[in-house]
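Please read them with the structure open.

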Amino acid sequence: MAKTSIIIIGAGIGGLSAGCYAQMSNLNSRIFEMHNQPGGQCTAWKRSGYTFDGCIHHLAGCKPGYLLYLMWEELGALPNKQIIFPQDMCQVEDEHGKAFTVYTDLDRLEQHMKELAPQDAQAIDGYIKSARDFTNVDLLETPLLTRGAFAKRFPSFFKLARLGKPMKTYAEKFKDPFLRKTFPTIQYDWTDVPVFLHLNMLGNCHSKNYGVPAGGSLDFSKAIEQRYRRLGGDVEYNAYVKDILVEGNRAAGVRLADGTTCQADIVISDAYAYTTIFTMLGGQFLNDKIRKQYAKPSDSATMGIQVSFGVNRDLSKEPRAIVLFLKTPVKIADREHDRLDLELFGYDPSLAPAGKSVIKVLLNTSYSFWKELYYGDHEKYQATKAQVAETLLDALEVRFPDIKSQVEASDVATPMTMERYTGVGQGFENKLGFFDSMALLKGPPKTLPGLRDFYMIGASAGGAGIPGCAAQGRNLIQKICKQKKTAFTPTKS
Ligand SMILES: Cc1cc2nc3c(=O)[nH]c(=O)nc-3n(C[C@H](O)[C@H](O)[C@H](O)COP(=O)(O)OP(=O)(O)OC[C@H]3O[C@@H](n4cnc5c(N)ncnc54)[C@H](O)[C@@H]3O)c2cc1C
């Protein structure tokens, strides 16, 4: 019997994962990727000897025994297993230089918080106790768990719901003004995410289940691509999928930008869901729910501007991330900022020449602001990017004296940069309610009404971060194997 053939659009983490599990299960897959390398948003780029990382702050599943760790083993994602576990999640510094360090060691964190705010001892005990509830379990494993297994493992639904309030509301538990001000920003400065997502991350950092793979995000993606090739899979690069071919009521293949058509039994799209639904499929397969969900992509690009500097400066003793409150707010591109969200890569020496480091600033922005500049006035677009870098260096100079003179390489990536390289310009919204978060954690692969043999995976189809997208790929192939009555046979790399 001929093997079931599958076309996958996009070599992002979801697409690569689906490809690997398809090959492991004796299905015949092929990936078409518009860029010249794998990874999509899980990427990095080189400038003058520096590696500017575009993605991983935290990778879930770094500890043997966890289901995500097993998945990474199957995907060959961590071949050298060198994982870095920085001692802090971040440090928040107010405009006077007073610092709240979010140590990943919960005992040390408790002590530090009580030194900062002795009158809040009771609230701090409650916070640390809640984080300890997540030191043996990881919510990001949800897509790999049955409902029953989820219920057995995790704090009860009601307990999670009680921890469903946003970071900024939870901060009101603290009386100390410094803690009240800084606490909402400690989870990537996402003040609106439910506190249980933060507690899950903190608990898992403590237990060393969340870390950072040495070498950066692109190496991580490339390792999965290598695994796919070793399994006999084929990735075609510089292959932009223009249309999904439909025959009757089923997806039958793809048409590339150069006009080539390729047929398959099943099509999976890991590309931006909006583009898949409205461009590749011409908006033919919709119902009210999907129309409402996808009809207008969000204009909010969380962490949509990434400004990286390669500096002749050793940052290895600095925290791995800083939220830096500024004495004077600065206008950067489309909005004013009273604080900056910094990542400092001194913890991974492989990303810079010896004794030097990379520092990156992440800024929220709006997609439409950059789109108008990019297409309306390209010179102004370039000038605005240069201005962003200059303004940031002025602001950083206060915390890192002489940094301006130490810059050896720099790069400003905007939502348009992301769109060009990954097809995802709008990025994601970080305003999540409790139920949105629970739905996101489960994130099953999506289908469209009236269209058979077609699936969507990836972040814009509901995958939660790198593990969520990879798990979607795994779950989808398991489902396809069941439908085709063939064995799903994951194997370790
Ligand atoms: C700044 C930033 C930091 C992040 N930090 C973390 C983190 O610390 N931990 C974590 O778990 N997650 C993190 N994430 C999220 C994570 O990167 C994404 O959830 C994940 O990488 C998305 O994978 P995906 O499967 O959706 O594919 P994508 O990355 O969206 O890739 C899709 C691929 O499809 C290709 N494509 C698109 N259109 C076409 C077409 N028409 N034809 C052919 N190919 C096409 C693209 O080129 C791309 O390669 C971060 C994201 C960002 C932006």
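1. The buried residues of helix α1 are Ile13, Gly14, Gly15, Leu16, Ser17, Ala18, Gly19, Cys20, Tyr21, Ala22, Gln23 and Met24, so 12 of its 12 residues are buried. Buried means under 20% relative accessible area, exposed over 50%, and partly exposed in between, with a 1.4 Å probe and protein chains only. Helices (H or I, at least four residues) and strands (E, at least two) are DSSP runs, numbered from the N terminus.

2. This is a predicted model, in which local features need pLDDT of at least 70 and side-chain atom pairs count only at pLDDT 80 or more, while totals for chains, interfaces and linings use all residues. Residues are numbered from 1 along each chain as its sequence is written, and side-chain values use heavy atoms, leaving out hydrogens and water.

3. The cover over the buried residues of α1 includes β1 (5-9), β2 (28-32), α2 (67-75), α10, β14 (266-269) and α18. Contact here means heavy atoms within 4.5 Å. The end C-alpha atoms of α1 (residues 13-24) are 16 Å apart, which agrees with the 16 Å that its 12 residues should span at 1.5 Å a residue. The expected span is 1.5 Å times one less than the number of residues in the helix. After α1 comes Asn26, with a positive phi near 65 degrees.

4. Helix α10 (residues 217-230) has 14 residues and reaches 20 Å from its first C-alpha to its last, close to the expected 20 Å. Its buried residues are Ser217, Leu218, Phe220, Ser221, Ala223, Ile224, Glu225, Arg227 and Tyr228. Just after α10, Gly232 has a positive phi of about 95 degrees.

5. Which residues have the most contacts inside the largest nonpolar core? They are Trp72, Phe220, Ile268 and Ile477, in a core of 108 residues. Helix α18 (residues 465-484) gives the most to this core, with eight residues. A second, separate core has 32 residues, including Ile305, Val311, Ile332 and Leu363. A nonpolar core is a set of buried Ala, Val, Leu, Ile, Met, Phe, Trp, Tyr and Cys residues joined through side-chain atoms within 4.5 Å.

6. Leaving aside neighbours within four places in sequence, Trp72 touches Leu59, Ala60, Gly61, Ala77, Leu78, Phe220, Ile466, Pro467 and Ala470.

7. An open sheet is formed by three strands in the order β5-β9-β6, with antiparallel pairing. β5 (59-60) and β6 (83-84) are at the edges with a single partner strand each, so one side of each has no neighbour in the sheet. Two strands pair if DSSP finds at least two bridges between them; β6 and β9 (residues 210-213) pair over two bridges. Ile83 is opposite Pro213 in β9.

8. Helix α4 (residues 121-132) packs on helix α9 (residues 195-206) at an angle of about 70 degrees, with the axes 8 Å apart. Axes are lines fitted to C-alpha atoms, for helices over the stretch in contact, and angles run from 0 to 180 degrees between N-to-C directions. The two helices α4 and α9 are therefore roughly perpendicular, a term for angles of 65 to 115 degrees. Tyr127, Ser130, Ala131 and Arg132 in α4 meet His198, Leu199, Leu202, Gly203 and His206 in α9. Ser130 is buried, at 13% relative accessible area.

9. Beyond neighbours within four places in sequence, its contacts are Ile9, Val241, Lys242, Asp243, Ile244, Ala271 and Thr275.

Technical notes: Angles under 35 degrees count as roughly parallel, over 145 as roughly antiparallel, 65 to 115 as roughly perpendicular and the rest as oblique.
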